[in-house]
Amino acid sequence: METIWRILPHDVQQAIDRLQREKLHNVEEIRLRVGQPVELVLEGKSLFLDKAPPFSIIGVRHVLDRLGEFSLYTLEEELKRGYVTIEGGHRVGLAGRVVTEKGHVKLIRDISSFNIRIARQKIGAAKGLVGWLIHYKRWLNTLIIGPPQTGKTTLLRDIARLASIGGDKLPAVKVGIVDERSEIAGCVKGVPQNDLGARVDVLDACPKAEGMMMMIRSMSPDLIVVDEIGRKEDTEALFEALNAGVSIVASAHGFGLEQLLQRPTVQPLIDQQLFDRYVIISRRKGPGHIEEILDKNGKRVRVLEKEWAT
Amino acid sequence: MKYIGALIIIFTATAIGRLLAMQFRERPRQLRQLKSALQSLETEITYGLSPIGQAAKRLSEQLPQPGKNLFSYFSAKLATGEMSLQDAWDETLDKIWPKTAMKKNEKEIMKQFGATLGLSDRENQQKQIRLALSHLEREEIEARAAQSQYEKMLKSLGFLAGLLIVILLF
């Protein structure tokens with residue numbers, strides 16, 4: 001919270017300070033929009049701080065100054081991607097007027113909205129799950145499927161952590177994370193802000209397809225973790241990685257396996273039974289709720305609890 | 001007694017002359033230094049991509065006075081996080097300038113430069129630095145001309161003025 005506090009303008013700080021302490025623990029997002037009151041998202045519900053004055057242009061300047069340490073040129077890449085990762089792994093999304101060059105986004109100018117997504121690493125989130133994902137001390141290729149905000153990244157992060165630290169039944173392996181959106185490891189200047197154990201190497205802000213190949217070539221990982229596959233290049237890179245004998249844990253947007261099968265870019269992965277496990281999650285009973293675990297044929301997997309409880 | 005007094009008068013007059021001459025000698029030197037500081041800043045920004053605060057801190061460690069004071073004061077002001085970069089820059093200039101041999105012109109150049117600092121992408125920052133550098137260059141040439149014109153003259157003028165007073169008093 002400390003690092004987020006630093007970037008907020010004084011009036012927003014005061015407005016949030018007036019809230020009850022317990023509420024602050026559940027803040028998921030802080031949204032700032034020019035001319036609008038500040039919005040907090042608490043456990044999926046929104047709360048407007050309409051007693052405080054609306055967020056102003058001066059506030060935008062303040063937040064930007066803090067994000068780039070008064071130096072806009074340090075944010076060049078970030079202004080192109082549309083978000084900034086700050087210390088603690090929190091992400092600040094940006095929206096405003098976009099300047100393009102040759103049809104590609106060059107930067108966002110005249111920023112009018114900030115969305116501060118508060119990262120909370122849930123250590124142990126995947127603990128109940130990993131037993132299903134290991135076979136004879138080898139990590140199975142796994143795809144985590146769920147709609148946005150269901151905790152896919154949280155699960156991935158914890159899987160990476162568990163794989164890297166190991167355990168009684170778990171082999172500790174070298175983990176390579178290709179973190180295109182800086183969300184899994186939450187790197188600041190290349191250093192992971194989340195606790196991921198000692199055997200993790202991160203390619204931060206790297207395009208997934210290229211990053212997976214780079215990892216295999218240079219870092220000899222046993223397990224590669226990537227977020228949100230779905231593009232054609234990703235699929236090709238995944239085929240390549242599996243041929244190289246590296247285990248993969250990935251996530252994809254979707255409500256279930258059937259829906260994913262309709263995406264032409266992902267379909268070949270499923271058809272060729274590239275993944276050994278599909279984990280379907282939802283928000284039905286809070287984020288990270290595991291609906292079902294399927295094997296490569298799409299059948300439910302049953303594993304005795306004793307086997308994996310560590 | 002009289003002779004001692006005369007000596008004191010000549011001595012002080014010479015000292016005043018030298019002091020005034022020093023202003024003329026120091027100005028081009030400090031201007032040159034300021035230019036090299038801006039060049040280092042350019043490298044920090046375009047290649048190192050370091051934020052202004054960090055760059056200023058590093059510069060303050062490398063530079064001799066008064067550049068050292070300028071950048072260390074500036075980075076300290078920025079680190080408080082209570083004011084905008086432009087305010088911190090202007091305040092620093094106001095504070096440091098009276099202690100240097102540099103004039104209003106250079107201060108104006110630096111003020112204008114500060115108004116653009118940190119507000120654009122790398123390419124633009126580089127342009128702004130180049131612009132400030134070329135302005136400073138002009139000032140430096142002017143300062144050098146003034147130095148060659150006045151430095152020696154002021155030095156001897158001080159001594160001679162002292163001598164004149166002594167002769168008149170005798």
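I began with the second largest pocket of this predicted model, and I noted that H6(A) gives the most to its lining, with five residues. Helix H6 (152–165) and strand S1 (27–33) of chain A each supply at least two residues of that lining. The space in the second largest pocket comes to about 830 Å³, and of the 32 residues that line it, Arg117(A), Ile118(A), Gln149(A), Gly151(A) and Thr154(A) are the closest to its centre. Sorting this lining by class, I recorded 13 charged, eleven polar and eight nonpolar residues.

I then turned to the largest pocket, where about 1200 Å³ of space lies. Its lining has 42 residues, and those closest to the centre are Arg66(A), Leu67(A), Gly68(A), Glu69(A) and Lys189(A). By class, I wrote down 16 nonpolar, 14 polar and twelve charged residues for the lining of the largest pocket.

Last, I looked up how chain A and chain B meet. Twelve residues from chain A and 17 residues from chain B make the contact, and the two chains bury about 1200 Å² between them, with 54% of it on carbon and sulfur atoms. Of the area that chain A buries against chain B, Phe70(A), Tyr73(A) and Glu76(A) supply 55%, more than any other three residues. Which side chains meet in a salt bridge? I found Glu76(A) paired with Arg122(B), at 3.5 Å from N to O, and the rule finds one salt bridge across this interface. I also noted five residue pairs in polar contact there.

Methods
Residues are numbered from 1 along each chain as its sequence is written. Chains are lettered from A and ligands numbered from 1 in the order in which they are written. This is a predicted model: local features need pLDDT of at least 70, side-chain atom pairs count only at pLDDT 80 or more; totals for chains, interfaces and linings use all residues. Side-chain values use heavy atoms; hydrogens and water are left out. Contact means heavy atoms within 4.5 Å. Buried area is the accessible area (1.4 Å probe) that two parts lose on being put together, summed over both. A salt bridge is a side-chain nitrogen of Lys or Arg within 4 Å of a carboxyl oxygen of Asp or Glu. A polar contact is a pair of N or O atoms within 3.5 Å; within protein, one must be able to donate a hydrogen and the other to accept it, and residues adjacent in sequence count only if both atoms are side-chain atoms. On a 1 Å grid over the protein atoms alone, a cavity is a set of points where a 1.4 Å probe fits but cannot get out, and a pocket is an open set with protein on both sides within 12 Å along at least five of seven lines; lining residues have an atom within 4 Å of a point. Grid points are joined across faces, edges and corners, and a volume is the space filled by probe spheres set on the points. Ala, Val, Leu, Ile, Met, Phe, Trp, Tyr, Cys and Pro count as nonpolar, Asp, Glu, Lys and Arg as charged, and the others, Gly among them, as polar. Helices (H or I, at least four residues) and strands (E, at least two) are DSSP runs, numbered from the N terminus.
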